[in-house]
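Colleague: I would like to learn how to read a model like this one. Please take me through it feature by feature.

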Amino acid sequence: MIACLDEEMTVRRVSWDVWKAGLMAAVIGLAGPVSPVQAAASRPALAGDVNGDGRVDVIAGLYLLAAKGKSEAGGVVVYFGGPAKVSATGRTVTLARPVAKENLGRTLATGDFDRDGYADVLASARGKLVVFRGSKAGLRGDGATVIPWPVTAPAMAAADFDGDGYGDVAVTGDKQVVVLRGGEHGLRVSGRLADGAPQFGAELAAGDVNGDRLPDLVTVEHRVAYPDPVGPQRITVVPGSRSGLSTARAWSITPTERAARDLAVGDVNGDRMADLVRITSDAGAAFEVVVQLSRGTGFGPAQTLRYGEDYPSNVGLGDVTGDGRADLAVHLSNGNHDWAVLHPGTGTGVTAQPARRYSHDTYETGYGTSLRLANVRGDHRADIIAGLPGVYGTGELEILPEGRSEARQRLSAKAAAGLGRSQPS
C-alpha cells in the first residue's frame, strides 16, 4: 500500500513527555549509533536510489519476516534497478536487535535524507520509526536510527519540501503531522502541523501543486460523521517553502463525497502542477476514483472514474508512456480476484477508460495491493511495480517495464515475509 493509514491500525497512546524525550534522544543520537558525517554530494540521489547508480531501486517492506528467531519482526528488502532487468536477488535489512511482532516495514518512505548521494529509507514499526541509510552496497542495517513514535502504521510522504537538497518526510503523529527535516546528520524533527481534527494526516502525498518548483504536502483528515462511519473530509495543501512546511500558508477544500481511501498527486495534464487523485465513495457508498486538476491555489472540477461493482483501493502515478504527463494506475478487486488498470494522462485529465489491464494468477494473490510507478531502468519512463501479498503472507512483486505486460519480471522473498503489501510513497 502506498503509505496509507488503514482502518485496522492501532494507535499507541503515549504521554507527550515520553514521546518528546524519545524524539530528542533520536535527534541527538542516543536512540541508535551515529555514523561519521560525510560530505554532501554535489547533487542528492533520486528518491529510491539506495546504491547511488542513478536508477531507482525496488523497495518493499517485509513486515512478517522472522529475523534472528523473532517472528514477524519485519524488515526491508531492496532489489537494485538495472538497464535491462531488476536484480533478481534482494538485499534485506533488519534491526540489529529485532523484536517479535514489531512488523517493521508496514509503511515506507524514501529520500536522500543526509545528501550523501545515496537514498535512505524510513520504515515504520510498532512504537517506532527506523531510518536505514543507503550506501554503494545498498541499504545498511548497521547504524540504523530509531525514533520512538506513537502511531503503529503512520502515513508518510517524502520530498524536499524546503528545496535545500536534503530529503524530508511528513509522518502522521498523534493528532498531527510531524515534519522530519533532512540534514547532514539525517532526519530530525523540525515542526508539527495540525488543524484540530483528531486524525489530521490520515492520508499524505507530496507533489508540486502550485507550480513553484517546491513540493507541497497534501493531507486528508479523517472525521466521523454520525450515524455514518465517515463523512465529507477536508483536504489540505500545505505549500513547500524555503523555511519549511507551515499551516500558515495552507489552503483546503471540502469535497461532498466521503473520506479519501487513498491519495496521490502528480501532473496528469503536463502543465507542471501536480493534480489530485483519490479514492472515495459517493452517497450510495459506491467507491470511485476522483481526479481534479490543479489550479495553483485550488483544484478544478472532479473527473470521476467508476468501475461498477469493482472496488478500487490503491492508486499510483507516474509517466509510463513518456509523454510528460503522469499516468494513473488503479488497483481493483472483486471477491477474491485482484488486478490493476492504467489510465494515460491527457491534457484534460486522464482517459475515461483504462488503456491497459494487468493481472496474473489473480485468485487470492492481491495483485496490485501496492502500486508504485518509478523509473527502475533509468530510461526516463516510469515502470509499474505491483505488489502481490497473497492471502498467506509470502507475497511477490511484479515489475512491468514501461507498463508492458510482455516484459514482466517476478520477484519473491521465498519466505513468509509479507512482501508486496508496502512500497515507498
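This is a predicted model: local features need pLDDT of at least 70, side-chain atom pairs count only at pLDDT 80 or more; totals for chains, interfaces and linings use all residues.

Colleague: What holds strands of a sheet together in general?

Modeller: Backbone hydrogen bonds pair them, either parallel or antiparallel. Here β5 and β6 belong to an open sheet of four strands, in the order β4-β5-β6-β7, with antiparallel pairing.

Colleague: Which strands are at the edges of that sheet?

Modeller: β4 (108-111) and β7 (140-148), each of which pairs on one side only. Neighbouring strands of the sheet are turned by 25° against each other on average, direction ignored.

Colleague: How many helices and strands does the chain have?

Modeller: One helix and 29 strands. Of the 425 residues, 57% are buried. Next, take the contacts with a separation of 6 or more: residues 24 or more positions apart account for 52% of them. The chain exposes about 16900 Å², and carbon and sulfur atoms supply 51% of that area.

Colleague: Which strands does β18 pair with?

Modeller: Strand β17 (residues 275-281) pairs with β18 in the antiparallel sense over six bridges. T280 stands opposite E288 of β18. β18 also pairs with β19, again antiparallel and over six bridges. In that pairing V291 stands opposite Q303 of β19.

Colleague: What should I look for in the hairpin of β18 and β19?

Modeller: Look at G296. The hairpin has four residues between the strands, and G296 takes a positive phi near 95°.

Colleague: Now the aromatic rings. How many pairs are there?

Modeller: Two aromatic pairs. To classify a pair, read the angle between the ring planes: under 30 degrees is stacked, over 60 is edge-to-face, and the rest are tilted. W251 and F299 have ring centres 5.4 Å apart and planes at 50°, so this pair is tilted. It links distant parts of the chain, with W251 in strand β15 (residues 251-253) and F299 in strand β19 (residues 299-306), 48 residues apart. Both W251 and F299 are buried.

Colleague: And why is the pair of F287 and Y311 edge-to-face?

Modeller: The ring centres of F287 and Y311 are 4.8 Å apart and the planes are at 80°, so the pair is edge-to-face. Distant parts of the chain are linked here too: F287 lies in strand β18 (residues 287-294) and Y311 in strand β20 (residues 311-318), 24 residues apart. Y311 counts as partly exposed, at 34% relative accessibility.

Colleague: Where does the charged end of R106 sit?

Modeller: Over the ring of Y63, 4.6 Å from its centre.

Colleague: One last residue. Is H337 buried, exposed or partly exposed, and what is it in contact with?

Modeller: H337 is partly exposed, with a relative accessible area of 36%. Its place is in strand β22 (residues 337-343). Leaving aside neighbours within four places in sequence, H337 is in contact with L332, T362 and Y363.

Terms used. Residues are numbered from 1 along each chain as its sequence is written. Side-chain values use heavy atoms; hydrogens and water are left out. Two strands pair if DSSP finds at least two bridges between them. Helices (H or I, at least four residues) and strands (E, at least two) are DSSP runs, numbered from the N terminus. Axes are lines fitted to C-alpha atoms, for helices over the stretch in contact, and angles run from 0 to 180 degrees between N-to-C directions. Rings of Phe, Tyr and Trp (its six-membered ring) pair if their centres lie within 6.5 Å; planes under 30 degrees apart count as stacked, over 60 as edge-to-face and the rest as tilted. Buried means under 20% relative accessible area, exposed over 50%, partly exposed in between (1.4 Å probe, protein chains only). A charge sits over a ring if NZ of Lys or CZ of Arg is within 6 Å of the ring centre and within 35 degrees of the ring normal. Contact means heavy atoms within 4.5 Å. Accessible areas come from the Shrake-Rupley method with a 1.4 Å probe; for residues, only the protein chains shown count as cover.
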